[in-house]
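Thanks for asking me to look this over. Here are my notes, point by point, to read with the model open beside you.

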Amino acid sequence: MDWDDLRVFLAVHRTGSHKGAARALGVDATTVSRRITALESALGARLFSRTPDRHEATNAGQMLAERAERMETEALAGERELAA
């Protein structure tokens, strides 16, 4: 798994849309879509149920979100420690 794909995944999970994630990350919505498609393909699992209003995490997406958030927490803690 690519950490950049996980960052994009978390942004979609948190904002509920490709467009919201794109704004949060400062990238284009097509980039977000491409990253999510690549991550789903690499994992062999659908991560979101897409509706016209929102992207809802599937069971696999929810499981990945919990782990990715822990990874993010550890990465940010490491950055803070090294910067101190």
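1. Leaving aside its neighbours within four places in sequence, which residues is Asp5 in contact with? They are Arg35 and Leu39. Do keep in mind as you read that this is a predicted model.

2. Staying with Asp5, you will find this residue in helix H1, which covers residues 3-15. Asp5 has a relative accessible area of 11%, so it counts as buried. Its side chain is joined to that of Arg35 by a polar contact of 2.8 Å.

3. From H1 come Asp4, Asp5, Leu6, Val8, Phe9 and Val12, and they meet Val32, Arg35, Ile36 and Leu39 of H3. Sorted by class, the residues of this contact are 7 nonpolar, no polar and 3 charged.

4. Two packed helices are described by the angle between their axes and the distance between the axes. H1 and H3 (residues 29-43) have axes 9 Å apart and pack at an angle of about 110°, which means that H1 is roughly perpendicular to H3. The crossing of H1 past H3 is left-handed.

5. Arg34 is another residue to look at in helix H3. Is Arg34 buried or exposed? Its relative accessibility is 54%, and because the cut-off for exposed is over 50%, Arg34 counts as exposed.

6. Next comes helix H2, residues 18-25, whose buried residues are His18, Gly20, Ala21 and Ala22. What covers these buried residues of H2? The cover includes H1, H3 and S2.

7. Both ends of H2 deserve a glance. At its start, a side-chain oxygen of Ser17 comes to within 2.8 Å of the backbone nitrogen of Gly20. Just after H2, Gly26 has a positive phi of about 70°.

8. H2 also packs on H3, at an angle of about 110° and with the axes 8 Å apart. The two helices, H2 and H3, are therefore roughly perpendicular to each other. The residues that meet are His18, Lys19, Ala21 and Ala22 from H2, and Ala29, Val32, Ser33 and Ile36 from H3. This contact of H2 with H3 is made up of 5 nonpolar, 2 polar and 1 charged residues.

9. Thr58 is at 17% relative accessibility and so counts as buried. Not counting residues up to four places away in sequence, what does Thr58 touch? Its partners are Arg46, Leu47, Phe48 and Ser49.

10. My last point is Gln62, which has its place in helix H4. With a relative accessibility of 34%, Gln62 counts as partly exposed. Residues up to four places away in sequence aside, Gln62 touches His13 and Ala57. Leu47, one of the residues that Thr58 touches, is 15 residues from Gln62 in sequence, and the two are 7.8 Å apart in space, C-alpha to C-alpha.

Terms used. Residues are numbered from 1 along each chain as its sequence is written. This is a predicted model: local features need pLDDT of at least 70, side-chain atom pairs count only at pLDDT 80 or more; totals for chains, interfaces and linings use all residues. Side-chain values use heavy atoms; hydrogens and water are left out. Buried means under 20% relative accessible area, exposed over 50%, partly exposed in between (1.4 Å probe, protein chains only). Contact means heavy atoms within 4.5 Å. Helices (H or I, at least four residues) and strands (E, at least two) are DSSP runs, numbered from the N terminus. A polar contact is a pair of N or O atoms within 3.5 Å; within protein, one must be able to donate a hydrogen and the other to accept it, and residues adjacent in sequence count only if both atoms are side-chain atoms. Axes are lines fitted to C-alpha atoms, for helices over the stretch in contact, and angles run from 0 to 180 degrees between N-to-C directions. Angles under 35 degrees count as roughly parallel, over 145 as roughly antiparallel, 65 to 115 as roughly perpendicular and the rest as oblique. A crossing is left-handed if the near helix is turned anticlockwise from the far one by less than a right angle, and right-handed if clockwise. Ala, Val, Leu, Ile, Met, Phe, Trp, Tyr, Cys and Pro count as nonpolar, Asp, Glu, Lys and Arg as charged, and the others, Gly among them, as polar.
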